[in-house]
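This report is meant for a reader who is new to the structure shown below.

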Amino acid sequence: MSVEKLARTPMPCQEPSERVKNFHEVALGYTDEMAQAEASRCLQCKNPTCRKGCPVEVRIPEFIAEIKNGNLDKAYEILKSTNSLPAVCGRVCPQEKQCEAKCIVGIKNEPVAIGRLERYVADKALANQTKTAKPQTKDVKIACIGSGPASLTCAGYLANLGAKVTVFEGLHEPGGVLVYGIPEFRLPKSIVHKELEGLKDLGVDIKTSFVGGTTVTLDSLFAEGYKAVFVGVGAGLPLFLNVPGENLIGVYSANEYLTRANLGRAYDFPNYDTPSYSGKKVTVFGAGNVAMDAARTAKRMGAETVHIVYRRSRAEMPARLEEIEHAFEEGVELFELSAPLAFKGNELGKLVSVTLQKMELGEPDASGRRSPIPVPNSEFEMETDLAIVALGTRPNPLFIRNTPQLELNKKGYIVVNEETSETSVPNVFAGGDIVTGAATVILAMGAGRKAAMTIADRFLK
């Protein structure tokens, strides 16, 4: 049988009836045999279009060839040469829209499972405590504010070249959105911690409880001898619906709900005693990956019913197809073509229901999706005791407010040079959600890598 006709190797997963009872990882990972079978599907193209689809330019055919040859240490070395967080990317990147979308095998068949193979190699290396060689240190200090994927990628790239990199994180635990936003069942915290240890092995110094713009500023860092600063503070200020009753007890932003469950470990009660509002009839507003995470978390936290309310149809949902399918397998239900008008509470100020209105789809809007249009006289009530609003985020004002020298765009995000990622302040660079608005982990990593390349050209080469 030709390589092109080999079927894509399925990813083994926990059964839906079991996984809704726990927070263990849903996808279980490839065995050695599965990885070998999937690696054999790669055509080893001379012009690898898959690599062009990767924001951090992973040398995809090369690492897959090493899997096929049984040389996993070499495969990991290749991955780490461009990607500081391969075990993370293998789990949460939308490969189907990036590298796998460019895979030649995918023209006539299913593309090679590049993300699953990346996870396989990285997990093997982390389990075996494989370490990459520590570079010779150079007397060049670089600071990264924030410890999300953009900053960690920037830090890893520069540390690989010998820079003395310090990462400043405002929370008590590093990792940014990787630890406070993404649930344990999609990205185990142990994986993030191991990736962070790998950066520390390269010499990256990670300092927690340093808030960008307050306890650490651009002026203070340059005064301490840092040559360049990368700003990757994210965009964590939640958007709300702006409808009546949104201040009732039981209405949460997805940011707060997921932060309590993930960073605060509310999912692991009673080992952790972080309080969490556990609803029985949960309604989630939004249809992106964050909405899927919130809905699936609520299901595991004991909800009897979980409804996703979306003003468009299922076909327009922006979440990854895999996450949508997993959510529905777990019993999450979709109320499509519906939008909230108001929340209603009882005499104690607690949420008891939401008023919804039916919608219909009109002409496409600026996003390319058909616009939702209210249907007259179509209001109806849905009983709910926990509402989670997952509509996206805005720039976190903490850093921006205290750094007025940075140029911002009309939406409040930092303006950067598209070629270099440098801001309006010389030797200050930025990337990730604080520049683009809410986006994917891998796009943030691509931004961190681009900035790091400019910094390296300026100070390390």
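Apart from its neighbours within four places in sequence, V20 is in contact with K299, R300 and E330. The model in which these contacts occur is predicted. V20 belongs to the loop between α1 (16-19) and α2. Its C-alpha atom is separated by 12 Å from that of Y267, although V20 and Y267 are 247 residues apart along the chain.

**Helix packing**

| Helix pair | Axes come within | Crossing angle |
|---|---|---|
| α2 (residues 32-39) and α7 (residues 114-127) | 10 Å | roughly 140 degrees |
| α2 and α4 (residues 60-68) | 9 Å | roughly 130 degrees |
| α4 and α5 (residues 72-80) | 8 Å | roughly 170 degrees |

The helices α4 and α5 cross at roughly 170 degrees. An angle over 145 degrees counts as roughly antiparallel, and α4 and α5 are therefore roughly antiparallel to each other. In this pair, E62, F63, E66 and I67 of α4 meet L72, K74, A75, I78 and L79 of α5. The residues of this contact comprise six nonpolar, no polar and three charged.

The helix α4 also packs against α2, and the axes of α2 and α4 cross at roughly 130 degrees. That angle makes α2 oblique to α4. The crossing of α2 and α4 is left-handed. On the α2 side, A35, Q36 and A39 take part, and they meet I64, I67 and K68 of α4. By class, the contact of α2 with α4 consists of four nonpolar residues, one polar residue and one charged residue.

A further partner of α2 is α7, and here the axes cross at roughly 140 degrees. This value makes α2 oblique to α7. The crossing of α2 and α7 is likewise left-handed. From α2, the residues D32, A35, E38 and A39 meet L117, Y120 and K124 of α7. The contact of α2 with α7 divides into four nonpolar, no polar and three charged residues.

What is the volume of the second largest pocket? The value is about 630 Å³. Of the 26 residues that line this pocket, R8, M11, R116, R320 and E322 are the closest to its centre. The helices α6 (86-92), α7 and α14 (321-329) each supply at least two residues of the lining. The largest share, six residues, comes from α14. By class, the lining of the second largest pocket has 15 charged, seven nonpolar and four polar residues.

**Backbone geometry in two loops**

The peptide bond from F269 to P270 is cis, with omega near 10 degrees. P270 lies in the loop between α12 (254-261) and β7 (281-285).

Another loop, between β5 (237-238) and β6 (251-253), holds N242. The phi angle of N242 is near 60 degrees, a positive value in a residue other than glycine.

Key:
Residues are numbered from 1 along each chain as its sequence is written. This is a predicted model: local features need pLDDT of at least 70, side-chain atom pairs count only at pLDDT 80 or more; totals for chains, interfaces and linings use all residues. Side-chain values use heavy atoms; hydrogens and water are left out. Axes are lines fitted to C-alpha atoms, for helices over the stretch in contact, and angles run from 0 to 180 degrees between N-to-C directions. Helices (H or I, at least four residues) and strands (E, at least two) are DSSP runs, numbered from the N terminus. Angles under 35 degrees count as roughly parallel, over 145 as roughly antiparallel, 65 to 115 as roughly perpendicular and the rest as oblique. A crossing is left-handed if the near helix is turned anticlockwise from the far one by less than a right angle, and right-handed if clockwise. Contact means heavy atoms within 4.5 Å. Ala, Val, Leu, Ile, Met, Phe, Trp, Tyr, Cys and Pro count as nonpolar, Asp, Glu, Lys and Arg as charged, and the others, Gly among them, as polar. On a 1 Å grid over the protein atoms alone, a cavity is a set of points where a 1.4 Å probe fits but cannot get out, and a pocket is an open set with protein on both sides within 12 Å along at least five of seven lines; lining residues have an atom within 4 Å of a point. Grid points are joined across faces, edges and corners, and a volume is the space filled by probe spheres set on the points.
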